[in-house]
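Hi,

Here is the structure I said I would pass on.

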Amino acid sequence: MYGCNTILDPLNKGCSFVSNLDVRGDLSVEDYMSMQMFPYEAEAKFKLDQVLEDTNADVLGKIQTLAQTNSNIRKLLNLYMRIAQNDPTKVLGLAAQAKSWDIPSFTEDLLRSACKAPATILTVDANTLFGENSPESPMSRPYYPAAGMKVGKCNHAVFLASCDEDKDVYKIWTWGAFRYLSRGRLLGNPVSSSGDPNPAGPFNTGAICSAVTARELTFV
C-alpha cells in the first residue's frame, strides 16, 4: 500500500487492498483489514515467523519476549490483544491465521477487478513464475499439483501489465522482464482451509494472495 500511494498515486493516495475475504474466518472485516494493513518491518516479520514455526516452543512467551526488544512486534502484539479481547490463547490463533494469508487464495472475480484498475500490483508466490512462456504460449497449468492440501507462499510483488481475458493471457512485469500466464496458472485449483478439495475454497493452488490497485495514476 505504501509503495502504491507513494509511487503510483502520490497526489490522491487512493490505492486499495484487494483480497479474498473468505480467508478471514470469524474476524470482522475491520479487524481483518487492520491485520493485513499492519506495517510489518521485514526483520520483525522474519523473527515472528521463526517463532511461529517452532511448535515445541512457548510461542506466546517468545512473542512477548520479542515484543520487549522490538517496537514493531510490540505494536503487532497490542493489535492482536485488542482483537482477541486480551485473551492470550486467542492471540496464537490470530498469529497462525495471519500466517495462512500468505497462501494463494485469489478468485476469478478479484482477478477481473484487478484487471480493470488503472494499475495493479499483485502479491504472488515467486515459484509460480518460472517456466517457458510467451504471449502465444503462456504458462497455463498450476505450478502446484492438485493434491488436496494448502500449498505455496506469497513472497514477491509483481506489476500486472495487461489482461487479455478472451485469449486468457495475463502479462506481468518482474525481474526486468515480462512473463505471460493464464488464469489456470494464476488461480490454480481450490482447496479448503483444512486441505480437502473444495470448490468453495478459500485457498487454491494458484499464484496470487492479494493485490493493491491504484484508482488513478498521478505520478510525474
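Let me start with helix H2 and its neighbours: the buried residues of H2 pack against strand S1 (16-19), helix H5 (71-83) and helix H6 (88-100), with contact meaning heavy atoms within 4.5 Å. Helices (H or I, at least four residues) and strands (E, at least two) are DSSP runs, numbered from the N terminus.

Before going on, note that this is a predicted model, where local features need pLDDT of at least 70, side-chain atom pairs count only at pLDDT 80 or more, and totals for chains, interfaces and linings use all residues. Residues are numbered from 1 along each chain as its sequence is written, and side-chain values use heavy atoms, leaving out hydrogens and water.

So which residues of H2 (residues 29-36) are buried? They are Asp 31, Tyr 32 and Met 35 (buried is under 20% relative accessible area, exposed over 50%, partly exposed in between, with a 1.4 Å probe and protein chains only). These three sit on the same side of H2, because they cover an arc of only 100° around the axis, taken from the directions from the helix axis to the C-beta atoms.

Now the cysteines: searching the whole structure turns up two disulfides (cysteine sulfur atoms within 2.5 Å).

- Cys 115 is joined to Cys 163, S to S 2.1 Å. Cys 115 is in helix H7 (residues 108-116) and Cys 163 in strand S3 (residues 156-164), so the link ties together parts 48 residues apart in sequence.
- Cys 154 and Cys 209 make a disulfide with their sulfur atoms 2.1 Å apart, and both residues are buried.

Cheers
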